[in-house]
Amino acid sequence: MFFLDPFFYEILISGLLAGVMYALVALGFVLIFKASGIFNFAQGVLALFAALTLVGFQTGQIPFAHLLSLFGLHATHWGAGFPTIVALLFSLGVMVLLAWLIVQIVLKPLVNQEGIILFMATIGLAYVLEGVGDLMWGANVKELNIGLPEGPSEIILDATDMFIDKLEISAAIVAIVLVVSLTLFSQYTKMGRALRAVADDHQAALSVGISLETIWWIVWSVSGLVALVAGVMWGAKSGVQFSLSLIALKALPVLMLGGFTSIPGAIVGGLIIGVGEKLFEFYIGPLIGGATENWFAYMLALLFLLFRPQGLFGEKIIERV
Amino acid sequence: MFYREAGDFKTSYQSDQATFTLRLDKILFWGLMAIATFIVPFFVTEYWEKSVFLPFFIYSIAALGLNILTGYCGQVSLGTGGFMAVGAYASFKLMTGIPNLDMFLVIMIAGLVTALVGVLFGLPSLRIKGFYLAVATLASQFFLVWLFNKWEWSYNYSPTGQINAPTRDFLGIDVTGPSTAPWATYLFCLGLLFIFAWITRNLVRGHIGRSWMAIRDMDIAAEIIGVNPLIAKLSAFAVSSFFIGVAGALYFSVWLGAAEPTEAFAIDKSFDVLFMIIIGGLGSILGSMIGAAFIILLPIFFKNVLVGYCGIPTDIAEFTQIIFIGALIIFFLIKEPHGIVAYWRTLKEKLRLWPFPY
Amino acid sequence: MEEKKQNNRIMEVKDITLRFGGVTAIEGVSFDILEGEVRAIIGPNGAGKSSMLNVINGFYHPQQGEVWFNGQKRGAMKPYQIAYQGIARTFQNIALFKGMSTLDNIMTGRFTHMKSGMISQVFWKGKAEKEEYENREAVEKVIDFLEIQTIRKTEVGKLPYGLQKRVELGRALAAEPKLLLLDEPMAGMNVEEKEDMSRFILDVNEEFGTTVALIEHDMGVVMDIADRVVVMDYGKNIGDGTPKEIVSNQKVVDAYLGVSHD
Amino acid sequence: MTDNTAVLKEYSTIWQVLEDNAKKYPNFPAVREKAFGIWQTWTWSDYSKNSNNLALGLIELGMKDKSPVAIVGNNRQQLYSAMFSIQMAGGIPVPIYQDAVAEEMLHVLQHSEAKIIIAENQEQVDKVIELGEKLPNVEKILFLEDKSMRSYESDDIIGIQKALELGANSSEKTLSEFEKRKKDQTSETTGVILYTSGTTGKSKGVVLSNANILTAASGAISFDKLRPGMEIVSYLPMAWVGDFIFSTCMAPLGRLCINCPESRDTLMTDLKEIGPDFFFGPPRIFEGLLTSIMIRIEDASTIKKRLFHYFMNLAKKVGGDVLEGKSVGLFNRALYALGDFIIYGPLRNSLGMSRVSVGYTAGEAIGPEIFEFFRSIGINLKQLYGQTEAGVFVTMQPDGEVRSETVGVPAPGVELKIGENGEVLYRSPSSFVEYYKNSKSTNETKDNNGWVATGDAGFIEDVTGHLKIIDRAKDVGKLSSGEMFAPKYVENKLKFYPNILEAVLFGKGKEKCVAFINIDLSSVGNWAEKENIAYGSYQELAGHPQVYDMIENHINEVNMDVSKDKMLSGCQIDRFLVLHKELDPDDGEITRTRKVRRQFVEDKYSDLVKALYDGSKSIKTETKVTYEDGREGSISATLEIRSAKLVK
């Protein structure tokens, strides 16, 4: 029986840990979607951009160095980098600034447009951010180390004979902390409630006394923070490179599964996908050539949608005529 | 300014609903076609063929296909790359499996196969809408690319995993393989583009096209008029995939000659084609072609001007290009959701009214 | 008008109950529509009038009750199948195809009359082409009837409200329906536009013999154009009869003059 | 000059021309009508078939030989066809102005005793029904458009389709009766009775015989060398002699194709679509076109405006000469060709006049600037002088001899002379038979030798032989000083200003001249918008001091101009006011063809005229008006009176 298989638990756990990360990225989507009705396709690139910025600050890279060299400035680095914690704060600052720019340049002119138009606009945004990130910090693969423990966790290895990376555990812990605090924030603070109200009714939100722009800025900043954390975690695991932006695509099926408007849905969906794709790859993958992680999540979500279009936790759509 | 419409009156619905209702437009179009058919082939070089004309014709067909689905029927798809792969692999299997088959038939059958796959992946569109569907189509993109990577039968068990196009002909003239003449492939693809643009026009001017647009604009109202959403959406998926499959087949067999799924049919292709129709013009035949020309010519322009002329390093030029395209998408969505073709229409309207402003 | 009374029932709803979750929108409503009459459904906001139309044209499936059309009991049908049976409608909030011209909108209304296949469409030969021009002729008659020739090729999104309403009526008319459902055809119109619309509705009824069922708030209009009236309140049928009978019905008067429950 | 009576050897009635065309050119387009989105086209054979069927139908319905049948409606294929049908069936068509109110219609119907009325639509039928009792003669009404007519239908009110069916299945008896009636007709048979709009009194029925019509049409065709296949847009009232001659007579005789616009609102679009070869328009149409051109170009971008004005200046200099084929120098010719591509061509196109080879204006004097404008951009616009009694044409301008001050040389077959009192007289084979049932008027107008008095004063230029018209003969009078008073002459000069729609001059037997001015709402309104002048109503705008200033300037200029002519210098305007309402045919102030009813206006506004002469600075007045829906009301206003500069 498979549950006697020790690998099963190892895969289950690593699936769950990965799932937490998916949930984290998905949460960024849900926040923006709930507050502005925008399906932010650029979320992954946002994470890449955040990670690039962090590495840049850490290593004391000069932004746009490559571009500046055209004008005869050949320096690539400042004298020294910033300490990790400072770099983190600076990066967060950049993300907040970026959020403001996005709201002003992209979202404000598109207010009241159909969702699908906004969606396509975020695809455009993803391209811009990718180009700007590359131009600022260079396109080469960078290592990211913020001092989190690495290597197999000896305690678990000793106790259960399972091989689980410490980095994954700490990533999961950070993600869980963030997920919990965001959930609390959006459920129990006045601001959080205001944010949720916006999605339902722009007028109602305005009557709370916060301008729509501010609300958007806040959510985009928060999702910038989520992107930063996600970028750091993934970056630490596999280096900061373009493929990082694709993790966002992984979060999409999570959303379809969990529903675009549900925070618990994002979490549960993330875990299901995390575990599901690992198990599928382990048990079925070898039979059909492997590397099924690329599409498994999508196919699962797709099949699921056929039977429950609103997702696991989404509200039932009643079409008014 | 150039238009002289007085006396250009219509005495039948046939002429009132013709493709070119203005005499000058008609003359212009057929003039251009004559030049493209009878003069350009004598001068076309391999560089122009491979870098400009073939990509333009082939992407135009793909953009027409996506425009049918997205621009006319309102269903956003991000699976174009995957469907192009289906067309490409279907044509590969046909070319290697039935060596005597005429290339035109190969292309058409490849289109049919893709249409079937498209209908299959279009099924979720009945339950989900908007970006839910867009995301769902990503599934086809990833799944199909993975499939052609792993399914050895699809690439005839080639050890490299690559597919190569053998030499095949259209009515006795080689159009694939290493020994083709530029004018042959040029004319072959031009002809196909003409046919597909004409088919698109025929479809969108009749009741099937109107049922697509009705679903796009107001699906509930469409239903009470008698439009079956299942048939409307699936037919759009089928036709769209047919076009994209044809484009994929040409892309691999006539243009590139060789392909490998993770590179040639990656998700960027889906975005490229989507950008073509956004920038060119959603729901417009001319827009599809303008968009294709734009996205094809832009890198050439960047390469020649920024790299060749200004001496900017290739990577910086590439990044600038990415930013430019992204910014352009945002610009068009904000300023002119109907794309370049809307500017063209405005210009034409101005010329018609010249010298008056209204 | 008298002769209409002897006409067949074109539509009959029997004991319809419709619930959304816990909310009951319609409760045990029955009434009939006679062939060739103008039938009005009136009632305060939220009385379930629009839901009733949605039941008739198949958007909502009632939990209980029967719908009879042309003397036959109707099974579970999709709205588009019902369109083929000869029921057309307009909406309270205009539901035109915004990206299409007036002509194309009304041409789309002919959908049930167009049957050419995909192949014929692709090559625009034979049936597809012939059918297109034949239907254009029918559509032009509608355009002429509604006096909207000058906006024939204008995108409907750019038209003023009153004209959009007219185009929507045109789209429904183009289907040559046996039963035409109009959901507040005069909402938001000025007096002149209302007069025009009333005239069109009466003309449709008289010249094409189309049966009309409409929801309307303006009692004046209802009195003028309706042959018989159903009054609904809180999802129930509280009165049914000629306009004269209705205005003297105490229950109806109470519902209208009593506290409105918007 | 060709002999325009030669046509009578070939045909004796106008419907024979139609039948001949149907036989010789059955598949050529004859008449189009914009309906259901496209130009529905009838060939000559369709046209003839329809006319024959309707003729038979009319006989079936009891139409008597030689009886008048009324036709009322907009320009429609069926109505044109009905003209022929009535003639074929031995009757006399009596077209009626379609915008006539019921009372105006009453006179014509009573006077002509028409028993059958062919009406376009419900609107017209309603008018006839409204008259009800007063028309005991009317037996049948045929209508063209079914819309809203369902409840009207009876044995006496029937759709034209039914009449056509009756005709198609007519009995042997009817057929032989039809043949007999056709055979009985000669060129002396009455072809039509046209009721003049009449500036004074009740309108008179002008009887034109087939010979009149055929000679007039044949003369005009040869005069301007019209070719078969040319297109005309028929948009002027069918009851007007011009449209009758152009669309019903010249069209079959010259095998021109006539085109009926969809409605009045779509006229400009329809005109543009057709792009006619031959175009007739009264001066107000051209004024309207020019005003709309100027207004639209004002809103254009600077570059376009500059281009426009640059090339318009060039056109002013050389355009007329280019049109007449005179030499203007190679440079100017090249420049004009460029202008033709950039400005003139597009202008002509936007007016729908790209293909116009002959354009005519008549009815009123046209402003020289307007006239020259259209000629300078390459439209061969000419003037003609005519009247109903003449079968339109009295004089016409030949190509190459076009000037705005004169109205041309005698039309083919016309003899011209000036009477003792300065009145213009003519004689021609096309001049009318008589006024219907009104021998008194006939004798007043036409003498025993066939000379017809036009009622207009004018003279023939010595060198060129061109006729020049001054004014209505009876309006030309004397001031108390004995100087000549020609109001129309001055009014026309005023009306050439786009801001002035109408002007009425008084002064007969008085010491000085005074004037009423009507502003042109579209032009002045546009100007007001540019100047940021707010106004709530026509009345408010008309009374605005700045508007008064502007009008005063115009009047001063006209005074200057008038003073140059010794004979007429007494006609300068001393004092004027701007009327608070537009002169309106519904109020009887002007005719349907927009001619001022001078006496009526003078009586109606006698208080204003008095105030103009007694030196008061302003006057309070109350005026009765008729609204579009027929209701009556009154408006009151206080009008300012101003003095203009007189030139000694």
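Let's start with how the chains meet: of the five pairs of chains in contact, chains A and B share the most contacts. Chains A and D, on the other hand, are joined by no contact, and their closest C-alpha atoms lie 28 Å apart. Please keep in mind that this is a predicted model.

Now over to chain C. Here we have an open sheet of six strands, with mixed pairing, and the order reads β6-β7-β8-β3-β9-β10. The edge strands are β6, residues 87-90, and β10, residues 236-241, and each of them pairs on one side only. From one strand to the next, the twist averages 15°. If you look at β6(C), you'll see that its pairing with β7(C), residues 179-183, is parallel and runs over four bridges. A handy landmark there is Arg89(C), which stands opposite Leu181(C) in β7(C). Helix α1 of chain C, residues 49-56, lies across β3, β6, β7, β8 and β9, and runs at about 150° to β7(C).

Next stop, chain D, with another open sheet. This one has four strands in the order β24-β25-β26-β29, again with mixed pairing. At its edges stand β24, residues 500-506, and β29, residues 642-643; each has a single partner strand, so one side of each has no neighbour in the sheet. Inside the order, β25(D) runs parallel to β26(D), residues 573-578, and five bridges join them. To find your way, look for Cys513(D), which stands opposite Ile573(D) in β26(D). Two helices pack on this sheet. Helix α20(D) touches β24, β25, β26 and β29, and its direction makes about 150° with that of β26(D). Helix α22(D), residues 606-614, touches β24, β25 and β26, with its direction at about 130° to that of β25(D).

Just after the helix, Asn532(D) takes a positive phi of about 60°.

Finally, the cysteines. How many disulfides does a search of the whole structure find? Zero, over all chains. Take Cys249(D): the closest cysteine sulfur, in Cys260(D), is 15 Å from its own sulfur, so the two are too far apart for a bond. Cys249(D) also counts as buried, at 0% relative accessibility. Over in chain B, Cys73(B) is buried as well, with a relative accessible area of 0%.

Notes. Residues numbered from 1 in each chain as written. Chains lettered and ligands numbered in written order. Predicted model: local features only at pLDDT ≥ 70, side-chain atom pairs only at ≥ 80, totals over all residues. Heavy atoms only, no water. Pairing = 2+ DSSP bridges. Axes fitted to C-alpha atoms, helices over the stretch in contact; angles between N-to-C directions. Contact = heavy atoms within 4.5 Å. Disulfide = S-S within 2.5 Å. Buried < 20%, exposed > 50% of the residue type's maximum accessible area, 1.4 Å probe, protein only.
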